[in-house]
Amino acid sequence: DKIKNEYTSNLDSLINNRRESIWSIDRNYNYIILNDYFKEKYYAVYNVELKKGMNSLSSLPPEQMEFWKSKNDRALSGEPIFFEHTSSIGNDLHVYEVYLNPIITDQKVAGVTAISIDITERKQIEELLKANEARYQQMFQTNVAIKLIIDPDNGQVVDVNNAASEFYGYDKQK
């Protein structure tokens with residue numbers, strides 16, 4: 001019994017010290033596990049203080065109930081699922097990767113465990129990289145000097161700008 005209590009205490013500590021949202025629901029959509037980070041983020045978004053035993057669907061705004069019910073139902077049918085979800089915290093839009101996995105007990109689905117990771121910063125960096133690539137491509141293509149990009153490993157031409165294409169007659173469609 002002491003070992004079980006120690007194990008439970010360590011597991012609770014592990015779950016509560018994560019900077020991802022972690023929760024689980026039973027087959028009736030009631031919360032059975034809620035980590036502190038999830039409770040904080042949920043409160044920031046919905047102004048609802050979550051507690052174990054609360055129904056996860058009834059704590060949502062009506063316009064989101066069907067979305068989350070359908071996702072949980074898929075996991076409750078035994079299908080692990082992954083999706084991105086967006087929500088607002090104040091004036092800031094946040095993007096989350098959400099993983100829902102069935103909890104299997106005695107070869108039956110007993111509930112769903114979930115992990116949600118805030119990927120907002122990564123998405124912002126990806127958008128900056130795309131914008132930088134677009135600017136680079138525009139500068140590369142519109143430069144009046146002949147520009148070729150050659151793979152140093154095999155000497156093959158990887159890309160040419162418009163000036164090089166016109167000068168060498170290189171077909172950029174190849």
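Visitor: What is a cavity, and which residues lie nearest the centre of the largest cavity?
Guide: A cavity is a set of grid points where a 1.4 Å probe fits but cannot get out, and lining residues have an atom within 4 Å of a point. In this predicted model, the lining of the largest cavity numbers 21 residues. Those nearest its centre are Trp23, Phe38, Tyr42, Tyr46 and Trp68.

Visitor: How many cavities of 30 Å³ or more are counted, and how much space lies in the largest cavity?
Guide: The count comes to one cavity of 30 Å³ or more. The space in the largest cavity is about 300 Å³.

Visitor: Which element supplies the largest share of the lining of the largest cavity?
Guide: Strands E1 (21-26), E3 (81-89) and E4 (92-105) each supply at least two residues of this lining, as do helices H2 (36-46) and H3 (62-76). With five residues, the largest share comes from H2.

Visitor: What is the volume of the largest pocket, and which element gives the most to its lining?
Guide: The lining of the pocket includes Leu11, Asp12, Ile15 and Asn16, together with others, among them Ile32, Asp36 and Lys52. Two or more residues come from each of helix H1 (2-16), strand E2 (31-34) and H2. By class, the lining of the largest pocket holds five nonpolar, two polar and four charged residues. The volume is about 170 Å³, and the element that gives the most, with four residues, is H1.

Visitor: Is lysine 71 buried or exposed?
Guide: Lysine 71 lies in helix H3 and touches Ile81, Phe83 and Leu100, leaving aside residues up to four places away in sequence. Buried means under 20% relative accessible area. Because its relative accessibility is 14%, lysine 71 counts as buried.

Visitor: How many Å apart in space are lysine 71 and tyrosine 99?
Guide: In sequence, lysine 71 and tyrosine 99 are 28 residues apart. In space, taken from C-alpha to C-alpha, the two are apart by 10 Å.

Visitor: What is the relative accessible area of serine 21?
Guide: Serine 21 has its place in strand E1. Setting aside residues up to four places away in sequence, serine 21 touches Asn35, Tyr37, Phe38, Lys41, Ala114, Ile115 and Ser116. Serine 21 is buried, and its relative accessible area is 4%.

Visitor: What pattern does the protein follow along the sequence?
Guide: The secondary structure comes to five helices and seven strands. Read along the sequence, the pattern is α-β-β-α-α-β-β-β-α-β-β-α.

Visitor: Why is the protein described as more spread out than a compact globule, and what is its radius of gyration?
Guide: The C-alpha trace spans about 80 × 35 × 30 Å along its principal axes. For 174 residues the globule rule gives 16 Å, and the protein lies well over this value, so it is more spread out than a compact globule. Its radius of gyration is 25 Å.

Visitor: What percentage of the 174 residues is buried, and what percentage of the accessible surface belongs to carbon and sulfur atoms?
Guide: Buried residues make up 32% of the 174 residues. The accessible surface comes to about 11,800 Å². The part of that surface belonging to carbon and sulfur atoms is 52%.

Conventions
Residues numbered from 1 in each chain as written. Predicted model: local features only at pLDDT ≥ 70, side-chain atom pairs only at ≥ 80, totals over all residues. Heavy atoms only, no water. 1 Å grid on protein atoms, 1.4 Å probe; cavity = no way out; pocket = protein on both sides within 12 Å on 5 of 7 lines; lining within 4 Å. Points joined across faces, edges and corners; volume = space filled by probe spheres on them. Rg over C-alpha atoms; globule rule 2.2 N^0.38 Å. Buried < 20%, exposed > 50% of the residue type's maximum accessible area, 1.4 Å probe, protein only. Areas by Shrake-Rupley, 256 points an atom, 1.4 Å probe, with all protein chains shown as cover. Contact = heavy atoms within 4.5 Å. Nonpolar A, V, L, I, M, F, W, Y, C, P; charged D, E, K, R; others polar.
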